[in-house]
Amino acid sequence: MIVVTGATGQFGRQVIEHLLERGVPADRIAAAVRTPAKAADLADRGVEVRLADYEKPETLLTAFDGAHKLLLVSSTGPDDARIVQHRTAVEAAAKTGVGLIAYTSVTDAPTSPLDLARVHRDTEQAIADAGLPAVLLRNGWYTENYTATLPDAVARGAIAGSAGQGRIASATRADFAEAAAVVLTRDDEAGKVYDLTGDTAWTLPELAAETAAQSGRPVTYADLPAEQYRQILAGAGLPDFLADLIVDADVQVSHGALAHVTPDLSGLLGRPTTPLSAAVAQAFTA
């Protein structure tokens, strides 16, 4: 049984779709979710839906039972809460004897200056301390972190940020999800670490130029001081922890934190990663 946590989220759901496309029988996949009703469509297709709430450890013991492989998709929320949630999930995986745990970490986790890397370092260490066979999927930045808001940026005529000329070797969520499915359908993955990035690193000014070219409207990049950018995000209604995460990421990007490129992701996919131009096009057709 392959158990996928966060299976109604944007990432986990795509992983399940790719598992099915790769020929994994639906009854050999379990969608571990906080709200089973949201996974009714998966249940209709034969996927087993299991209740899994990080705040209720007993549900995780049931959700992970019989898992030959477990994809632990990192949760969302404030860092301290995520650390507790991930540790709880790792403990449950150890107690139920999960055969292999695949964890969605962050690129360059051991040395990354990103604030959010703290959560991933802690979780990786918890997995190691538990003695679980594991494969680490150190995902780079989702291209959608920037392209999801492009229609609004076109309306404003500007993309705001604090990344300067820093380069971002991102890939799409679909690319990362497909790679996770590939790993989950392979044998002998325990002990492997994949540092997953896009094939090409780009800058926010380049994103603005591509957006302008595809939309036919002027779009520029407005590079802002970190605190000013944070105020804009807070004014847009983002919770404090998320605004802080986004601003920190941009500042670290300006120092080169997400510029490195590896062949791991395209190697797993057996094809090039989705280019920025295609991701921009998808933002206007979604």
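## Burial and the predicted model

A residue counts as buried when its relative accessible area is under 20%. Asp122, with a relative accessible area of 19%, is therefore buried. Keep in mind as you read on that this is a predicted model.

Across the protein, 51% of the 286 residues count as buried. The accessible surface comes to about 12,200 Å², and carbon and sulfur atoms account for 52% of that area.

## Overall fold

Let us step back to the whole chain. The protein has 13 helices and 9 strands. Its radius of gyration is 19 Å, close to the 19 Å that the globule rule gives for 286 residues, so the protein is as compact as a globular protein of that length. The C-alpha trace spans about 55 × 35 × 35 Å along the principal axes.

Contacts also reach across the sequence: of those between residues at least 6 apart, 76% join residues at least 24 apart.

## Charges

Side chains of opposite charge can pair when their charged atoms come close. In this structure there are 13 salt bridges.

Start with Asp41 and Arg13, whose side chains meet in a salt bridge at 2.6 Å, N to O. Asp41 belongs to helix 2 (residues 40-44) and Arg13 to helix 1 (residues 10-21), so this pair ties together parts that are 28 residues apart in sequence. Asp41 counts as partly exposed, at 34% relative accessibility, and Arg13 is also partly exposed, at 22%.

Asp122, the buried residue from the opening, returns here: its side chain forms a salt bridge with that of Arg87 (2.5 Å, N to O). Because Arg87 sits in helix 4 (residues 79-96) and Asp122 in helix 5 (residues 117-130), the pair ties together parts that are 35 residues apart in sequence. Arg87 counts as partly exposed, at 41% relative accessibility, whereas Asp122 is buried.

Helix 5 also supplies Glu124, whose side chain meets that of Arg138 in a salt bridge (2.7 Å, N to O). Arg138 lies in strand 6 (residues 134-139), so here the pair ties together parts that are 14 residues apart in sequence. Both Glu124 and Arg138 are buried.

## A salt-bridge network

Asp175, Glu178 and Arg271 are linked in a network of salt bridges.

How values were computed. Residues are numbered from 1 along each chain as its sequence is written. This is a predicted model: local features need pLDDT of at least 70, side-chain atom pairs count only at pLDDT 80 or more; totals for chains, interfaces and linings use all residues. Side-chain values use heavy atoms; hydrogens and water are left out. Helices (H or I, at least four residues) and strands (E, at least two) are DSSP runs, numbered from the N terminus. The radius of gyration is taken over C-alpha atoms; the globule rule is 2.2 Å times the number of residues to the power 0.38. Buried means under 20% relative accessible area, exposed over 50%, partly exposed in between (1.4 Å probe, protein chains only). Contact means heavy atoms within 4.5 Å. Accessible areas come from the Shrake-Rupley method with a 1.4 Å probe; for residues, only the protein chains shown count as cover. A salt bridge is a side-chain nitrogen of Lys or Arg within 4 Å of a carboxyl oxygen of Asp or Glu.
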